[in-house]
Each structure stands twice: as C-alpha cells, then as structure tokens.
Amino acid sequence: MGDPPGAGPLSERARAGRPASGDEPAPALAIPPDLDATLVLVRHGESEAIVERRFQGRMETPLSGTGRRQAQLVAGRLARPHASPALPLPEGPPLAIVHSPLGRAAATAMAIRDATAAPVPAGFGVDVPLRPDERFLEIGQGEWEGVLASEITERHGDTLAAWRRTPTLAWAPGGERLAEVRGRVLPGLADLLAELAGAGRPGSIHAPQVAGYHDAVPDHPWSILVGHDGVFKVLLLTLFDLPLERFWMWSSDLCGISVIELRAGRPVVRALNLTEHLAGLLDEQAQAETDARARSGAL
C-alpha cells in the first residue's frame with residue numbers, strides 16, 4: 001500500500017541500508033544494582049473521551065462518572081493492600097505517587113493519595129507525596145486527538161491498520177514515534193528507580209526467587225505511578241529490555257493494577273492488570289441495566 005503517512009523518514013533510512021524496524025537503538029535502562037523495591041502501575045479511570053470513543057493522546061478530558069467511581073475503588077484497594085486477597089506489596093505506605101500531568105491521571109492519583117492518607121485501618125494515616133511528571137504523558141496522537149474512532153477509521157484506515165500492525169513504522173499524523181516516547185520514558189523510569197534505591201537498602205540475589213513458600217511480606221520501598229495504557233506499554237518494554245515492535249503485547253484496563261518487583265536489580269512481574277477491585281462497580285452497572293429494563297417493560 002506504500003508508506004503510511006508519518007513513516008516516510010523511517011522508510012528512507014531502510015532504503016539507505018539502516019534498520020527498517022523503526023526501533024532505533026537506545027541506551028539500556030540503568031537499574032541500580034542490588035535494588036530491592038516495588039513499582040505499582042495504575043491506569044487512570046474512564047474519561048469522557050473514552051465514553052464518546054474519541055482518540056485521546058494528550059488532549060484534556062475529565063473522568064466520567066464511572067471513571068470517578070473506578071478511581072475511588074482502586075484508591076481503596078491500594079490504601080489497604082494486605083486486605084484479602086492481599087496484593088504482593090511491601091508493608092507501610094508508598095514512597096511517592098507519581099502521575100502524568102493530564103487531568104484524568106491526576107484525578108486518579110489524587111483519589112489514591114486521599115485514600116492512603118485516611119487513618120489506620122482505612123489507610124496508612126500519612127500524606128504520601130504527590131508528584132506530576134511530564135515524562136509519563138500519554139503518547140501524542142497528533143491530528144487524531146479528539147477525533148471519533150469511527151472518523152479515523154474512515155479517513156486514515158490504512159495508517160491506523162499500519163500502526164496496529166507495525167507500530168514502529170507508522171503513527172498518527174503529527175503524533176509521536178515510539179522511539180521518541182521511549183526517549184522520555186527511560187530517564188523518567190530511571191529517576192523513579194534511583195529514588196527507590198536511595199530509600200532502601202541493597203538486596204541480594206541469594207534471597208528466595210520463587211513465590212509461594214509462605215514468604216514474609218517484603219520490607220523494601222515502593223511507589224505508585226498513575227498513567228496511561230500507551231506509555232505503560234513503552235515503560236514495560238523498556239524495563240524488560242524488549243524491542244518496541246512488541247508494543248501491543250501489554251494491555252492495561254481502566255484503573256487496572258500491575259505490580260513490578262525489583263529483586264536485586266532484576267525486574268519481576270508479580271501481578272499484571274488486576275481488576276477484581278472493580279467487580280462491585282460492574283455489579284452495580286448490571287443491576288442498573290436490569291432495573292432500567294424492568295421500568296421500560298423490555299424483556
């Protein structure tokens with residue numbers, strides 16, 4: 001079909017004999033050696049743009065009513081992480097709550113901060129520092145931001161298909177390339193890990209590495225990062241030293257929780273995209289739909 005819009009420069013590199021993958025070489029993430037810590041990733045709640053099925057990128061769009069409820073539920077879960085079923089998190093409050101500056105992420109992060117500040121046993125009873133970081137903004141979607149998904153499919157169907165098939169070779173017109181996203185996420189992640197390293201003590205690879213043996217709750221620092229599905233995809237690829245072509249291998253549901261533990265400087269996935277804390281909301285929505293049908297007389 002020819003080069004998709006936005007992919008031209010990379011195609012020229014390929015014709016010049018340089019890598020055609022679009023996954024430009026990048027410095028490896030410098031994980032502090034012997035780092036024992038935990039990083040929790042939380043995607044923001046549902047936004048009004050999601051309800052309207054619009055591409056978001058960096059556009060500002062507030063949480064919907066459902067999104068605010070999702071934020072409250074994930075906040076309550078993280079404020080009491082060892083309530084059954086326990087999350088694989090250390091004792092004590094998080095070191096920091098870092099978030100994308102976009103409103104939907106900031107509102108979710110503030111809900112988590114408020115819940116963790118609640119007195120014991122509802123929370124930790126401390127004010128956890130809340131910190132925006134522009135390096136974790138969502139992937140810029142250029143001309144697609146604010147546009148209905150149906151319109152993008154109609155007007156830019158080939159480019160959209162190419163983005164979904166080969167994400168390092170195609171992107172939204174005027175939007176960010178994945179290599180550019182990685183270029184800002186990598187130092188942001190490095191700073192987060194360095195902060196955790198400075199707050200703990202060195203671990204050892206000689207500690208048990210297999211879960212399930214009635215292990216004690218970890219005694220090391222942890223932080224929460226509230227952000228976006230796209231940027232989390234790039235962050236996880238960066239953390240695990242995987243190529244950007246695998247962008248679509250990760251997925252984060254709205255207000256889903258993922259837990260990455262660093263064991264002696266080695267990242268380990270402890271939980272990916274947990275959503276059981278949202279079950280009550282789904283039950284409420286199902287009951288509301290049932291009540292609506294009953295009032296309408298529909299079967």
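Two strands are taken to pair if DSSP finds at least two bridges between them, and strands (E, at least two residues) and helices (H or I, at least four) are DSSP runs numbered from the N terminus. The model described here is predicted, so local features need pLDDT of at least 70 and side-chain atom pairs count only at pLDDT 80 or more, while totals for chains, interfaces and linings use all residues. Residues are numbered from 1 along each chain as its sequence is written, and side-chain values use heavy atoms, with hydrogens and water left out.

Six strands form an open, mixed sheet in the order β3-β2-β4-β1-β5-β6. Its edge strands, which each pair on one side only, are β3 and β6 (266–274). On average, neighbouring strands are turned by 20° against each other, direction ignored; here axes are lines fitted to C-alpha atoms, for helices over the stretch in contact, and angles run from 0 to 180 degrees between N-to-C directions.

Residues 37–43 make up β1, which pairs in the parallel sense with β4 (residues 222–227) over six bridges. Along this pairing, V40 has I224 as its bridge partner, and V42 stands opposite V226. With β5, β1 pairs in the antiparallel sense, again over six bridges, and A37 is partnered there by L262. In a regular strand the side chains alternate between the two faces of the sheet. In β1 both faces are covered: A37, L39, L41 and R43 on one side, and T38, V40 and V42 on the other, are all buried (under 20% relative accessible area, with exposed over 50% and partly exposed in between, for a 1.4 Å probe and protein chains only). Helix α8 (residues 229–239) lies across β1, β4, β5 (257–263) and β6, and runs at about 155° to β1; contact means heavy atoms within 4.5 Å.

What empty space remains inside the structure? Rolling a probe the size of a water molecule over the atoms shows where empty space is left. On a 1 Å grid over the protein atoms alone, a cavity is a set of points where a 1.4 Å probe fits but cannot get out, and a pocket is an open set with protein on both sides within 12 Å along at least five of seven lines; lining residues have an atom within 4 Å of a point. The structure holds one cavity of 30 Å³ or more, and the largest cavity contains about 40 Å³ of space. Its lining consists of L41, V42, R43, F232, L236, S252, G256 and S258. Two or more of these residues come from each of β1 and α8, and β1 gives the most, with three.

About 730 Å³ is the volume of the largest pocket. Of its 27 lining residues, R43, R54, F55, Q56 and D229 are the closest to its centre. At least two lining residues are supplied by each of α2 (48–51), α6 (157–165) and α8. The second largest pocket has a volume of about 640 Å³, and the closest to its centre among 28 lining residues are D215, A216, V217, P218 and E261. To this lining β5 gives the most, with three residues.

Finally, G123 sits in the loop between α4 (103–116) and β3 (130–132). This glycine counts as buried because its relative accessibility is 8%. Leaving aside residues up to four places away in sequence, G123 touches A79, A115, T116 and A118.

How values were computed. Grid points are joined across faces, edges and corners, and a volume is the space filled by probe spheres set on the points.
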